[in-house]
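Hi,

Here is the structure I promised to pass on.

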Amino acid sequence: MAEQKQKVRVATVSLAGCFGCHMSFLDMDERLITLLDRIELDCSPLTDIKQCGDCDIGLVEGGLCNAENVHKLREFRARCKTLVAVGACAINGGLPAQRNHLDIRDCLQTVYLTGPGIERGFIPNDPELPLPLKQVHPIHDVVKVDYFLPGCPPSGEAIWQFLTQLLAGHTPQLGHALLRYD
Ligand code: SF4
């Protein structure tokens, strides 16, 4: 009987992002079936598995905007042999980093106290809430990143090309035509 090839374990995580990069993963459509012949998904919003096992490839969507993001990222990095920053938010902070030129106190006051339509507002202070960082950071500020997959979001085609090249043991090379910022 032919020996079954062991599947590559892949995990994904979403930090300070919008889930658009995860939606793009699903945009691979029927190629997902082909991909699932080669990989097995571990923890991921796509599988709803919360605890990560040891993985070969970890895909990170989103940057770091609070203490929980940093904690989650460090744990994820420790589980993944190869880490990929997927999308603009993971690579450079993306849209959430637009707050970086503002004072975090001013942001909180405007959103929760003085913004239009707010009555009897208060700044949430439940100890269970993760503390916001003063600035939004790309993930390479905190952990080693092996590969960067740009785009906002990277298209399903770009993710497909990237993963198939990586699974074939190559350093992924994507042409300009596959880079997209919608
Ligand atoms: S890179 Fe774009 S699509 Fe991906 S999480 Fe950030 S904002 Fe969303």
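Below is what I found when I went through the salt bridges.

Before anything else, please keep in mind that this is a predicted model. Searching the whole structure turns up nine salt bridges. I'll walk you through some of them.

Let's start with Asp42 and Arg9. These two form a salt bridge, and their closest N and O atoms are 2.7 Å apart. Arg9 sits in strand 1 (residues 8-14), while Asp42 is in the loop between strand 2 (39-41) and strand 3 (55-61), so the pair ties together parts that are 33 residues apart in sequence. How much of each is accessible? Asp42 has 5% relative accessibility, and since buried means under 20%, Asp42 counts as buried. Arg9, at 26%, counts as partly exposed.

Next, take a look at Asp146. Its side chain meets that of Arg77 in a salt bridge, at 3.1 Å from N to O. Arg77 belongs to helix 3 (residues 67-79) and Asp146 to the loop between strand 6 (132-137) and strand 7 (147-149), so this pair ties together parts that are 69 residues apart in sequence. Arg77 counts as buried, with 16% relative accessibility, whereas Asp146 is partly exposed at 24%.

Asp146 also has a salt bridge with Lys144, where the N to O distance is 2.5 Å. Lys144 counts as exposed, at 56% relative accessibility.

Cheers

Key. Residues are numbered from 1 along each chain as its sequence is written. This is a predicted model: local features need pLDDT of at least 70, side-chain atom pairs count only at pLDDT 80 or more; totals for chains, interfaces and linings use all residues. Side-chain values use heavy atoms; hydrogens and water are left out. A salt bridge is a side-chain nitrogen of Lys or Arg within 4 Å of a carboxyl oxygen of Asp or Glu. Helices (H or I, at least four residues) and strands (E, at least two) are DSSP runs, numbered from the N terminus. Buried means under 20% relative accessible area, exposed over 50%, partly exposed in between (1.4 Å probe, protein chains only).
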